[in-house]
Each structure stands twice: as structure tokens, then as C-alpha cells.
Amino acid sequence: MKYHRIRPGAIEELAAELGAKSSKDTALMLGITPEQLEELRYGDVTSATAIALANRAQQLRRAAKIIGDTAA
């Protein structure tokens with residue numbers, strides 16, 4: 001099984017983009033626990049986890065765009 005490391009700062013960039021105020025907010029948005037978020041930040045992840053995280057981030061970006069468009 002191949003493992004990957006998430007680019008340093010990528011989770012923080014996503015959190016800022018989505019308006020998360022804390023690590024707990026970020027974890028909730030991604031559907032994981034704060035402990036799992038820390039593992040993502042500092043550990044290796046499988047290809048399946050990396051893909052799932054990327055898909056969830058894309059879903060959140062789409063939702064934020066829809067909400068932003070309707071709120072304007």
C-alpha cells in the first residue's frame with residue numbers, strides 16, 4: 001500500500017478558505033475527529049484517504065460557492 005504526506009499548510013489553507021475558526025471546526029467540516037486531523041497534518045495517509053479528503057474538500061468548496069452565490 002502506498003502512503004502519501006499531505007503538503008505542509010494545505011489543511012490550514014483549506015480551513016481558511018472555508019472559514020473554519022479552529023482545528024475542531026476544520027475537523028467537523030471534513031467529517032473527522034480533531035485527533036484524525038492531527039494525524040493528517042503530521043502523518044502519512046493512504047491513497048484512499050488522500051482521495052477521500054480531496055473529494056470532501058471539493059464538496060465543501062462547491063457548497064460554499066452555492067451558499068455565497070445565493071446569499072449575495
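Lys24 and Leu28 are exposed (over 50% relative accessible area, with a 1.4 Å probe and protein chains only) and sit on the face of helix H2 turned away from its buried side. H2 covers residues 23-30, and its buried residues (under 20% on that scale) are Thr26, Ala27 and Leu30. These three lie on the same side of H2 because they cover an arc of only 100 degrees around the axis, the arc being that of the directions from the helix axis to the C-beta atoms. After H2 comes glycine 31, with a positive phi near 75 degrees.

Before going further, some ground rules. This is a predicted model, so local features need pLDDT of at least 70 and side-chain atom pairs count only at pLDDT 80 or more, while totals for chains, interfaces and linings use all residues. Numbering starts from 1 along each chain as its sequence is written, and side-chain values use heavy atoms, with hydrogens and water left out.

Now step back to the whole chain. The protein has four helices and two strands, in the order β-α-α-α-β-α from the N terminus on. Helices (H or I, at least four residues) and strands (E, at least two) are DSSP runs, numbered from the N terminus. Its C-alpha trace spans about 45 × 20 × 20 Å along the principal axes. Of the 72 residues, 26% are buried. If you take contacts (heavy atoms within 4.5 Å) between residues at least 6 apart in sequence, 61% of them join residues at least 24 apart.

Helix H3 holds arginine 41. Is this arginine buried or exposed? Arginine 41 counts as buried because its relative accessibility is 17%. Its side chain makes a polar contact of 2.5 Å with the side chain of glutamate 12, and another, of 3.2 Å, with that of serine 23. A polar contact here is a pair of N or O atoms within 3.5 Å; within protein, one must be able to donate a hydrogen and the other to accept it, and residues adjacent in sequence count only if both atoms are side-chain atoms. Leaving out residues up to four places away in sequence, arginine 41 touches Ile11, Glu12 and Ser23.

Next, the pockets. Rolling a probe the size of a water molecule over the atoms shows where empty space is left. On a 1 Å grid over the protein atoms alone, using a 1.4 Å probe, a pocket is an open set of points with protein on both sides within 12 Å along at least five of seven lines, and lining residues have an atom within 4 Å of a point. Grid points are joined across faces, edges and corners, and a volume is the space filled by probe spheres set on the points.

The largest pocket has a volume of about 200 Å³. Helix H1 (10-18) and helix H4 (47-71) each supply at least two residues of its lining, which includes Ile11, Leu14, Ala50 and Arg61. The lining has eight nonpolar, no polar and four charged residues. Here Ala, Val, Leu, Ile, Met, Phe, Trp, Tyr, Cys and Pro count as nonpolar, Asp, Glu, Lys and Arg as charged, and the others, Gly among them, as polar.

The second largest pocket, with a volume of about 160 Å³, gets the most lining from H4, which gives four residues. Leu30 and Ile32 are among the residues that line this second pocket.
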